[in-house]
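Me: I would like to go through this model step by step. Could you start with the terms and then move to the residues?

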Amino acid sequence: MPFVWAKNIAPTNELRKWFGHDPERYEEFTQKYQKELNNNPHAEKFVKDIENVLEDQDVILLYAAKNKEINQAIVLKKWLEERLKR
């Protein structure tokens, strides 16, 4: 699968700006972003697309955050793992 930028799965600009990669806001950011993902009309297709790719190859989530432990890709990865277990 070629590189795909799933913009419609990213956190909203408002949430991203509010978070600002502030470690003190990460737990609340995680909850809010997961809520956005759960209510996102594109999420189901995104999960299915990931499932299809995983049948043949790995999926890599790229991010530009400096902090490797506190960023939206970590939240998305955990959220995806929960959906893929079902």
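Reply: Helices (H or I, at least four residues) and strands (E, at least two) are DSSP runs, numbered from the N terminus. This is a predicted model, in which local features need pLDDT of at least 70, side-chain atom pairs count only at pLDDT 80 or more, and totals for chains, interfaces and linings use all residues. Residues are numbered from 1 along each chain as its sequence is written, and side-chain values use heavy atoms, with hydrogens and water left out.

Me: What is the mean pLDDT of the chain?
Reply: The mean is 93, and 97% of the residues reach 70 or more; pLDDT is the predictor's confidence in each residue, from 0 to 100.

Me: Where is Ile60?
Reply: Ile60 sits in the loop between α3 and α4 (72-85).

Me: Is Ile60 buried or exposed?
Reply: Ile60 is exposed, because its relative accessible area is 68%; buried means under 20%, exposed over 50%, and partly exposed in between (1.4 Å probe, protein chains only).

Me: Which residues form the nonpolar patch on the surface?
Reply: Phe3, Trp5, Ile60 and Leu62 form that patch, with about 600 Å² of accessible area together.

Me: Changing topic, what about phi of His21?
Reply: Phi of His21 is near 60 degrees, a positive value in a residue other than glycine. Most residues other than glycine have a negative phi. His21 belongs to the loop between α1 (13-19) and α2, and counts as partly exposed at 42% relative accessibility.

Me: How much space lies in the largest pocket?
Reply: The largest pocket holds about 1,000 Å³ of space. On a 1 Å grid over the protein atoms alone, a pocket is an open set of points where a 1.4 Å probe fits, with protein on both sides within 12 Å along at least five of seven lines; lining residues have an atom within 4 Å of a point.

Me: Which residues lie nearest its centre?
Reply: Of the 36 lining residues, Val4, Trp5, Ala6, Leu61 and Leu62 lie nearest the centre of the largest pocket. The largest share of the lining, five residues, comes from α3.

Definitions and conventions:
Patch = residues over 30% accessible without salt bridge, like charges linked within 9 Å, V, L, I, M, F, W, Y side chains within 5 Å. Areas by Shrake-Rupley, 256 points an atom, 1.4 Å probe, with all protein chains shown as cover. Salt bridge = Lys/Arg side-chain N within 4 Å of Asp/Glu carboxyl O. Points joined across faces, edges and corners; volume = space filled by probe spheres on them.
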